[in-house]
Amino acid sequence: MHRLFVALPLPETVCDRLLDAMDGIEGARWQGEEQLHLTLRFAGEIDPPVAEDLVAALSAVRAPAFELAIRGVGHFARKGRPHAVWAAVAPSEPLAILQRRVERACRAAGLAPETRKFVPHVTLARLNASSGPIGGWLADNALLATGPWPVECFALYESRLTAGGSDYARLEDFPLG
């Protein structure tokens, strides 16, 4: 079984800016530079034959290259308790189109439809019950921004769960343009 997801890799300059914002929440598990990405679709645990079908379906995705930018921060909560803080991605119609095409490719490969709404973001930290309050961090980073960067490919990643968190391996790139 492979634990796979489809994402946009980030350039080093964007990662550097995001790493600068990663401080100020007690007990947060901040992401490392190698973990920063924008998820288009989490595929989950899939068998090797389905993974091969997924690669074939993703290879058929066609979309133009485009630009993205970071604009602000946010958080996800479960049962009223924050479980992640993230950098927001500025609204982008080309990104929305690419995400829908990736979703269609995943379904064509036999994956169940994604039921969650697509919220373009880059996860910066994971939180648990012992994490400190996030309000100050959200206020301090409300204006977090990066200049636009070119998006010229998307990639298939494998996530390996370890005691220290997830390790991500970039398996294959799919060019845009």
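Helix H1 (residues 12–20) is the element that gives the most to a patch of negative charge, supplying three residues. Helices here are DSSP runs of H or I with at least four residues, strands are runs of E with at least two, and both are numbered from the N terminus. The model is a predicted one, in which local features need pLDDT of at least 70 and side-chain atom pairs count only at pLDDT 80 or more, while totals for chains, interfaces and linings use all residues. Numbering starts from 1 along each chain as its sequence is written, and side-chain values use heavy atoms, with hydrogens and water left out.

The patch lies on the surface and brings together Glu12, Asp16, Asp20, Glu33, Glu34 and Asp167. Its members have over 30% relative accessible area and no salt bridge, and like charges are joined within 9 Å; a salt bridge is a side-chain nitrogen of Lys or Arg within 4 Å of a carboxyl oxygen of Asp or Glu. Asp and Glu count as negative, with each charge placed at CG of Asp or CD of Glu. Asp16 belongs to helix H1 and is partly exposed, at a relative accessible area of 35%. By the cut-offs used, buried is under 20%, exposed is over 50%, and partly exposed is in between; the areas come from the Shrake-Rupley method with a 1.4 Å probe.

Turning to the strands, an open sheet is built from four of them in the order S2-S7-S6-S5, with antiparallel pairing. Strands S2 (29–30) and S5 (70–78) stand at the edges with a single partner strand each, so one side of each has no neighbour in the sheet. Pairing requires that DSSP finds at least two bridges between two strands. Seven bridges join S5 to S6 (residues 81–89); Phe76 has Ala84 as its bridge partner, and Arg78 has Arg81. These two strands form a hairpin with two residues between them, and Lys79 in the turn has a positive phi of about 55 degrees. On to the next pair: S6 is joined to S7 (residues 121–126) by five bridges, again antiparallel, and Val85 stands opposite Ala125 in S7.

Strand S1 (residues 2–9) holds Phe5, which counts as buried at 3% relative accessibility. Phe5 and Glu45 are 40 residues apart in sequence, yet their C-alpha atoms are 9.4 Å apart in space.

Notes
Patches are made of residues with over 30% relative accessible area and no salt bridge: like charges are joined within 9 Å, nonpolar side chains (Val, Leu, Ile, Met, Phe, Trp, Tyr) within 5 Å. Buried means under 20% relative accessible area, exposed over 50%, partly exposed in between (1.4 Å probe, protein chains only).
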